[in-house]
Amino acid sequence: MGDMANNSVAYSGVKNAVKEANHGDFGVTLAELRSLMELRATDALHKIQECYGDVHGICTKLKTSPNEGLSGNPADIERREAVFGKNFIPPKKPKTFLQLVWEALQDVTLIILEIAAVVSLGLSFYQPPGGNESLCGSVNVGEEEEESEAGWIEGAAILLSVVCVVLVTAFNDWSKEKQFRGLQSRIEQEQKFTVIRGGQVIQIPVADIIVGDIAQVKYGDLLPADGVLIQGNDLKIDESSLTGESDHVKKSLDRDPMLLSGTHVMEGSGRMVVTAVGVNSQTGIIFTLLGAGGDEEEKEKEKEKKDKKSKKQDGAVENRNKAKAQDGAAMEMQPLKSEDGGDGDEKDKKRANLPKKEKSVLQGKLTKLAVQIGKAGLLMSAITVIILVLYFVIDTFWVQKRPWLAECTPIYIQYFVKFFIIGVTVLVVAVPEGLPLAVTISLAYSVKKMMKDNNLVRHLDACETMGNATAICSDKTGTLTMNRMTVVQAYINEKHYKKIPEPEAIPEKTMAYLVTGISVNCAYTSKILPPEKEGGLPRHVGNKTECALLGLLLDLKRDYQDVRNEIPEEDLYKVYTFNSVRKSMSTVLKNSDGSFRIFSKGASEIVLKKCFKILSANGEPKVFRPRDRDDIVKTVIEPMASEGLRTICLAFRDFPAGEPEPEWDNENDIVTGLTCIAVVGIEDPVRPEVPDAIKKCQRAGITVRMVTGDNINTARAIALKCGILNPGEDFLCLEGKDFNRRIRNEKGEIEQERIDKIWPKLRVLARSSPTDKHTLVKGIIDSTVFEQRQVVAVTGDGTNDGPALKKADVGFAM
């Protein structure tokens with residue numbers, strides 16, 4: 001491992017070597033930090049204890065405070081960037097215009113045209129020598145003198161059309177790449193991450209993160225730099241992008257405090273001190289190996305690179321095998337690669353070996369057509385040549401009974417060449433040189449028009465694929481809806497409020513539970529900031545659902561920040577963070593008298609089942625029986641869900657001081673016997689332009705399906721509002737688990753025949769995972785139910801839509 005670290009130090013080249021020598025006046029060098037970040041789990045812990053004492057020792061050496069963060073002084077930031085580098089990985093060199101021209105020339109139709117044009121041009125300049133034709137016989141091949149002189153025009157015209165197609169294609173690709181590079185740099189500038197500087201929690205562009213920064217990490221984050229954990233709440237990370245391990249890795253100060261760039265936070269929250277950025281981070285090292293850095297000095301280290309790469313790959317393969325052995329999580333993730341297991345892997349390998357990108361539907365049809373026309377033209381030209389040769393031979397030697405004279409041989413050859421030229425002319429006429437030109441120019445025009453509508457098209461052929469689409473699978477949150485959650489209804493103290501009640505209507509005791517429960521049991525990274533422009537809407541930062549709850553407190557004229565100042569995040573005794581399995585979040589507070597109070601919030605169908613009491617009209621707890629729960633579901637929760645609201649239940653539980661401390665790791669015993677404070681209905685309004693857009697799609701014969709992680713009642717209500725479901729139609733709405741039950745056989749394998757029975761009627765897939773979205777898209781694409789293959793478009797805006805967007809014929813990333 002140490003070896004590997006030493007190797008990797010060499011990679012970022014001479015520039016960093018200079019920086020290492022000059023490590024400013026910090027107590028640790030760049031090389032030491034890089035070798036520390038190469039270690040994992042217990043190795044890393046030993047190294048930290050041995051060299052720094054603990055994570056606070058690292059903070060001291062990096063001259064940063066675990067609670068206050070860096071001062072934010074520009075001179076200090078500059079010095080850190082000089083010593084430890086910037087959080088920036090130099091992009092791969094863009095393709096030159098000539099490379100794009102070369103790629104455009106690879107098209108099958110164009111290759112056939114090029115060959116035909118060259119042959120046609122070459123033969124048009126061939127002038128047969130004169131001879132004594134009366135002696136050798138003659139044959140009329142129907143060519144006028146002027147015609148033979150203008151023979152070059154055909155070849156030149158074909159070449160000109162090829163040049164036009166190639167230049168239009170290459171120029172389009174070049175301008176698109178330029179646009180995308182601009183967009184990429186804008187995204188990089190706009191992508192923000194939460195850090196603490198000068199004791200203030202602020203959001204800064206990812207590129208401005210420096211070594212020594214204290215960064216806050218939370219569920220859903222993609223880590224932008226390497227770091228060491230300072231404080232964590234139930235933190236679990238998906239490191240599969242680096243290690244190939246499909247299991248989530250639990251991070252804690254006493255087990256594994258190393259957080260790596262490019263990995264996803266799957267659960268929990270915490271704070272880390274940044275120890276490596278840019279080309280020195282784990283993602284940066286891999287990018288450098290892949291040549292994205294593109295520095296000249298890296299070429300000299302080609303051999304070292306290969307050694308390191310093979311080591312890394314061996315590790316990744318080993319890890320992948322380990323992951324497959326633990327088949328729980330591996331089975332869950334398998335459909336992302338292929339539903340057919342091994343067979344799919346083979347296909348993927350073959351596809352990986354192919355240098356060219358997969359053809360679009362229209363390109364595939366055009367190539368097929370061009371090849372068929374080419375074959376037919378070749379056949380006809382061959383028949384023409386054979387007929388002309390036979391006619392000449394029979395007429396000269398059979399009918400006219402002429403002998404084959406030696407001096408006539410050049411003239412006979414000349415005739416045969418003339419016949420061959422006629423054959424080539426037939427072939428050239430058969431090949432449609434206008435076809436690729438017409439298609440390319442029309443697609444280029446479409447791309448230009450779409451750019452004006454703020455649509456950036458990555459590949460020209462995506463335009464025609466859009467036009468071919470027969471099915472659209474759309475995400476809901478943020479795509480069909482505005483992704484701006486607000487609490488619009490509430491059930492508090494046995495009363496259902498159709499709009500937010502006045503603060504005076506709520507008993508003081510209930511209000512205290514509400515305010516404390518929401519303030520501490522929402523991630524401290526979720527907050528509502530003042531609007532950027534005067535008169536605008538307040539900005540929601542962090543989890544949108546939590547922001548809706550914090551907004552409820554502001555509507556009730558209470559301030560969540562006062563509670564958070566009183567109870568800082570470090571004082572939270574235990575946090576059970578939200579994840580997709582528990583669908584709830586709980587926070588334990590320790591009171592000054594030694595008693596404990598736990599606040600819980602989550603999907604109402606989950607949390608209500610754990611409630612044994614409820615706050616009555618006067619704010620006092622009273623018994624809550626299953627019968628009462630069924631009443632609330634019928635009279636409150638179902639009506640809310642039918643209006644498209646997401647229902648969240650808020651609850652608490654007290655653990656008296658005299659009793660022995662509960663076993664906190666036994667979550668099922670802790671989060672039970674709760675007292676329900678309130679049930680709130682959160683609305684995510686449908687974007688105003690969506691219903692019309694969906695009507696247009698349906699009129700054009702495109703089926704729109706909604707695929708969402710939300711519950712089925714909310715999804716169905718939103719689908720009705722959007723027009724995806726129309727009353728009286730024969731359709732299916734399924735949850736992810738029902739969908740999986742129906743499409744898998746007894747062995748748990750996905751069967752195409754089973755998918756074929758479901759997808760034609762399916763309109764809403766709720767509570768679906770990224771894997772389910774991918775499975776549905778792949779199932780529709782591979783289906784042979786209809787004569788025409790379905791062309792599937794996917795729209796989405798979240799990381800969870802990534803696999804489906806990639807699998808679809810055309811992906812619209814919002």
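Predicted model: local features only at pLDDT ≥ 70, side-chain atom pairs only at ≥ 80, totals over all residues.
1. Let's begin with confidence. The average pLDDT of the chain is 76, and 80% of the residues reach at least 70. Residues 1-23 have a pLDDT below 50, and this stretch makes 44 contacts in the model beyond near neighbours in sequence. Residues 292-356 also fall below 50, with 78 contacts beyond near neighbours in sequence. Please keep those scores in mind when you look at either stretch.

2. Next, the nonpolar cores. The largest one holds 42 residues, and the members that touch the most others are Leu62, Phe84, Ile209, Val228 and Val273. As a general point, nonpolar side chains tend to be buried together in soluble globular proteins.

3. Leaving out residues up to four places away in sequence, valine 228 touches Met37, Ile48, Val55, Ile58, Pro257, Met258, Arg271, Met272, Val273 and Thr275. One of these, Val273, is also listed with valine 228 among the core members that touch the most others.

4. Now have a look at glutamate 546, in helix α23, which spans residues 544-555. Is this residue buried or exposed? Its relative accessible area is 7%, under the 20% cut-off, so glutamate 546 counts as buried.

5. What surrounds glutamate 546? Beyond neighbours within four places in sequence, its contacts are Asn521, Cys522, Ala523, Ser526, Met585 and Lys601. For alanine 523, the backbone nitrogen sits 3.0 Å from a polar atom of the glutamate 546 side chain.

Definitions and conventions
Residues numbered from 1 in each chain as written. Heavy atoms only, no water. Helix = DSSP H or I, 4+ residues; strand = E, 2+ residues; numbered from the N terminus. Buried < 20%, exposed > 50% of the residue type's maximum accessible area, 1.4 Å probe, protein only. Polar contact = N/O pair within 3.5 Å; in protein donor to acceptor, adjacent residues only side chain to side chain. Contact = heavy atoms within 4.5 Å. pLDDT = per-residue confidence, 0-100. Core = buried A, V, L, I, M, F, W, Y, C linked by side-chain atoms within 4.5 Å.
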